[in-house]
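Dear colleague,

I am passing on the structure we discussed, with some notes on what was found in it. Please read them alongside the coordinates shown here.

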Amino acid sequence: MKLLVKFNLIYILVMAIGVGVSAYITRNLLVKNAQDEVVNNARMLVSKANAVRGYTSGQIQKLLETQMKYEFLPQSVPSYSAMEVLGSLLKDYPDFFYKEATLNPTNPRDRAVGWEVDVVNQFRSNAELKEVVGQRETPTGASLYLARPLRITNPACLQCHSSVEAAPKTMVDKYGPANGFGWNLNEVIGAQVVSVPFALPLKRAEQSFTVFIGSLVGVFVVVGIMLNIMIWFVVVRPVTKLSELADRVSQGDLNAPEFPSAGNDEIGVLSQSFNRMRTSVVQAMKMLES
Amino acid sequence: MLQFDGAIGSLGLRRIGALAALALAMAMPARAAGLVTIVEGEATIVDGARTMIASEGLKLPDDVILRTGARTGLVRVEWADGTVADFGPDTQAMINPTGFAARGGRAPSVYLLRGWVKQAGTASTASGAFVSPRLDLLPFKGTIVAQVAADETWVFAENGALQLVERDVKAAAPVALKPGEVYSRAGAAKGAVAPRPTPAQMQKVPRGFRDTLPLRTAALKDRQVEPRLAAPVSYGELREWLLAPEPTLRRQFPRRFAARARDNTFRAALVEQLGSHPEWERLLFPERFLPPSAPR
């Protein structure tokens, strides 16, 4: 088997092991990074929602107080504002989904369902719990979610959510007397939930992984080609020429030229040795003939 | 002779009435002039022979008539004591009407002949409230919205409690409204108090009444505003007032609009409808009221 073939076989084996190990380590890292990035984006969404809620309750509500005596305006409700703003924002990010899942909401749209109830109950049973990140299976695949508790800390909220009698009449006209009452101060009444299909971070990780491994393999291939060329010029060609000269001398061709040796590397030393050996053989042959 | 004595007697009674009104006016504290602070849409101010276009910063003397159009959004009048009256579309009201008795130390700030008004007092100062043909809203410190129309009159206690008196009901006791309650009456029928306005009533409230607007007296009180004059009020435009079921106001009109009576068209209309407003006869035909002995 030729030297280059042996070299390439060894090189390919080493490359495969190297790429394989890199792929394993890199993939896990990329999946985790993508997951972290998605979770951080979800945190930012929740913070955005809270900023809108605060703006609504701090600045907008009092401006609409008089109007509310004549017509209930959902724009005065922090939850409505948050849902509207994020709904509009997430049109550009359709993979994300935001909901203020509430156990006893005024608007049935916000009612917590199934697993959301479990998340809310986690917050209700543990006052120290500030955030939950988890995965769940859905009919369309795995889903990653981030949830934070919705706790009533502002007594002003109870104006609309304590009892039917205390609530604005226009609000009761619009939503009825059955929903969204009986809330208490410091009670967790729901959770802000951001959901994203798990396929999203996986897709991002996959994209990064493909680019990385592709680049790595490409670099290995280019390096391999260059090594092959270098070995051909530096080792294989001079050794082949040296071999031809040795054959000629061994067959009695005393006129075979010296091998031009350059450099002090191993090929250079070999060629010097060959030339000395050739000179000795030629002298010996000439002595025998004379 | 009897006719002569009757003429002397009626003259004497009129003098006594005038003196009584003067005494009444002197008994009441001088009222601050209203100041126009917001004008959204068309509105005019009728001050005797002069009609002005309502503009922000215009100071209003007593007894001027404010008229708004169908598309008027809001006209606001503020008083120096912080009380406010907002007027809606299709409204005819008199600002600081004289001749009405004080209630709780305050004379009415507005006579609402027809249309929409939203009035507000302050925490420390009661609004003068309004008088209308059928209602006398007593001074209050909260906020009310009211509509006076031929077929319906209603008053909504948006903030704070208030009382009103039904003027056309003999010996009527004041009707009390708690915050959020509404008093309604259809035409001349008996009024009733409900816990809140009907959806139809709330739907009709002018949009301009639904926002809480800041006071602008401080910014406008020192502004010198040159009144922009409009065409003098015609008989047709003034007719509702001339025929209003309000003797206190109608007594003053011949004096206040005497200059208009010199206009031939206006005078002709007055003469034609004299039967509907006989108080104008003395101005239009003074010769009929000369003593028999006076030269004619």
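How far apart do the C-alpha centres of domain 2 of chain B and domain 3 of chain B lie? They lie 26 Å apart, the domain bounds coming from an automatic or database domain assignment, which for chain B gives domain 1 (1–30), domain 2 (31–220) and domain 3 (234–289).

This is a predicted model, in which local features need pLDDT of at least 70 and side-chain atom pairs count only at pLDDT 80 or more, while totals for chains, interfaces and linings use all residues. Residues are numbered from 1 along each chain as its sequence is written, and chains are lettered from A and ligands numbered from 1 in the order in which they are written.

Between these two domains, 13 residues of domain 2 of chain B are in contact with 12 residues of domain 3 of chain B (contact means C-beta atoms, placed from the backbone, within 7 Å). On the domain 2 side, β8 (92–95) and β9 (110–120) of chain B are the elements that give two or more residues, and β9(B) gives the most, with 3 residues (strands are DSSP runs of E, at least two residues, and helices runs of H or I, at least four, numbered from the N terminus).

In chain A, helix α1 (residues 3–63) has 61 residues and should span 90 Å at 1.5 Å a residue, which agrees with the 86 Å between its end C-alpha atoms (the expected span is 1.5 Å times one less than the number of residues).

Best regards
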